[in-house]
Amino acid sequence: MTTTIEIGMLGFGTVGSGVIDRLTRAADQIEQMQGLRLHLAKVAVSHLNAPRQVPLPIGTRLTDSIEAVVTDPQIQVVIEVMGTLKPAEAAITTALRHGKSVVTANKDLIATAGHRLVALAKERSCDLLYEASVAGGIPILRTLADSYATDSIQGVSGIINGTANYILSAMTNGRSYQQALSLAQEAGYAEADPTNDVAGLDATYKLMILSQFAFGQPLTVAQVAPVGITTIDATVCQTAAENGWQIKLLAQAQRHDHQLYCRVAPVAVATGRALSRVDGVQNAVALRSAAVGESCYTGPGAGSTATANSVLNDVIVAAQRLVRGTRGPAFNHNHQYLTVHHLDTVAQAYLLFSDQPRNRIVETVETLGANVKSLAQGCYQTGTLLPAQRDQLRALGTLTLIPIENSVTWPLVASAQAIATHVAI
């Protein structure tokens, strides 16, 4: 027996077009395997006469009224793929208050206002699902919610912004920053204003969502304090690669006792590690857990097809719950209370890049009581540096310090100030 579910959608851009295309192509498969006929009843757009790359399914009505979708008593599930913050939150709020389940790909909104929308969905016994908000082609949120339900996540480290990864990969291959950015824009990977991507804000929003699922702990932008890639040049990327390291914009959160340490910043990843091999616009999320150990999930992070696939999978889940009368369970049940710190507050090792004479660099680092070795002209690897030592080096203003992945020396006592020992390298 097939059940028809009435769907409304907000937005008909790149992702919206992908949703319609995938829904049309997969309609028979969904009906055969799930017993569901997903009927797209209405699509709200800003401009009714704008050209569309994908034709509307037969029986789908185009409207320029968001209210006409979110208040329609016939529509049971609303898909939000229009982006924005306040308009999207208002639309989703109205949809939930009218008893509709909502599926969204809006990472900015979920990261910053998700707590309000989740609470409202619970109050109204509706579903709010947002798998597509993080690494669109990797079902990482559902993996964390379901496959790690009996495990304990200790660390999350992700390449979750394809634009930044594309630029860093291009610089490693000899392009300048500006050349790499231009190529990314020409290929459609970067916006005309790429600030959110290259400044690390996009990755920060995604880390904020990942942290909720992995650790049950919300994060704020201020706590993550993202550092972007705009100060990294091609020489740094190439020199690092020639000496066994790949520079990646990593979104990281690591648990130590009842503390959670987070960061979004360029990080040196040793060649051979899974994340070092993630190039171009690909995304990857590496997990470390008590039971499974280390695992890595890779796939496209964006694009209409990958994101649309995640959106439709959420729609199917919402539709199934409608049919079964089981709507309302939160997407994420993990809630803990951890003290949040920045990863820069603990001791770790760094790659150091400087045009200063080698003897001056070595003398300066050793004067601080730390170890350093020369890898190549202008490139060094430090031993473990305390935050104060690192800050003294940065104060010189003539060098670049990039933290090395997995080099942290954790405090002996979680509540104590970070203590580190100097390790010869």
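I began with strand β13 (residues 350-354), which pairs with β16 in the antiparallel sense over 5 bridges. The model is a predicted one. At one position I looked up the partner of S354 and found L399 in β16.

I then traced the whole sheet. It is open, with 4 strands in the order β14-β15-β13-β16 and antiparallel pairing. The edge strands, β14 (372-376) and β16 (399-403), each pair on one side only. I noted a twist that averages 25° from one strand to the next.

Next I turned to the helices. Helix α11 (residues 234-242) lies across β13, β14, β15 (379-382) and β16, and runs at about 125° to β13. In helix α14 (residues 387-394), I listed P387, Q389, R390 and L393 as the buried residues. They share one side of α14, because they cover an arc of only 160° around the axis. Among the elements covering them are β13, α13 (358-367) and β16.

Finally I examined the salt bridges, for which the count comes to 16. R25 and D21 meet at 3.0 Å, N to O. The two residues are 4 apart in helix α1 (residues 14-34), which means that about one helical turn separates them. R25 is exposed at 61% relative accessible area, whereas D21 is partly exposed at 26%.

R116 and E89 form a salt bridge at 2.8 Å, N to O. R116 belongs to helix α4 (residues 107-123) and E89 to helix α3 (residues 86-97), so the pair ties together parts 27 residues apart in sequence. I recorded E89 as buried, at 17%, and R116 as partly exposed, at 43%. I also noted a network of salt bridges linking K107, D108, D202 and K206.

Conventions. Residues are numbered from 1 along each chain as its sequence is written. This is a predicted model: local features need pLDDT of at least 70, side-chain atom pairs count only at pLDDT 80 or more; totals for chains, interfaces and linings use all residues. Side-chain values use heavy atoms; hydrogens and water are left out. Two strands pair if DSSP finds at least two bridges between them. Axes are lines fitted to C-alpha atoms, for helices over the stretch in contact, and angles run from 0 to 180 degrees between N-to-C directions. Contact means heavy atoms within 4.5 Å. Buried means under 20% relative accessible area, exposed over 50%, partly exposed in between (1.4 Å probe, protein chains only). The arc is that of the directions from the helix axis to the C-beta atoms. A salt bridge is a side-chain nitrogen of Lys or Arg within 4 Å of a carboxyl oxygen of Asp or Glu.
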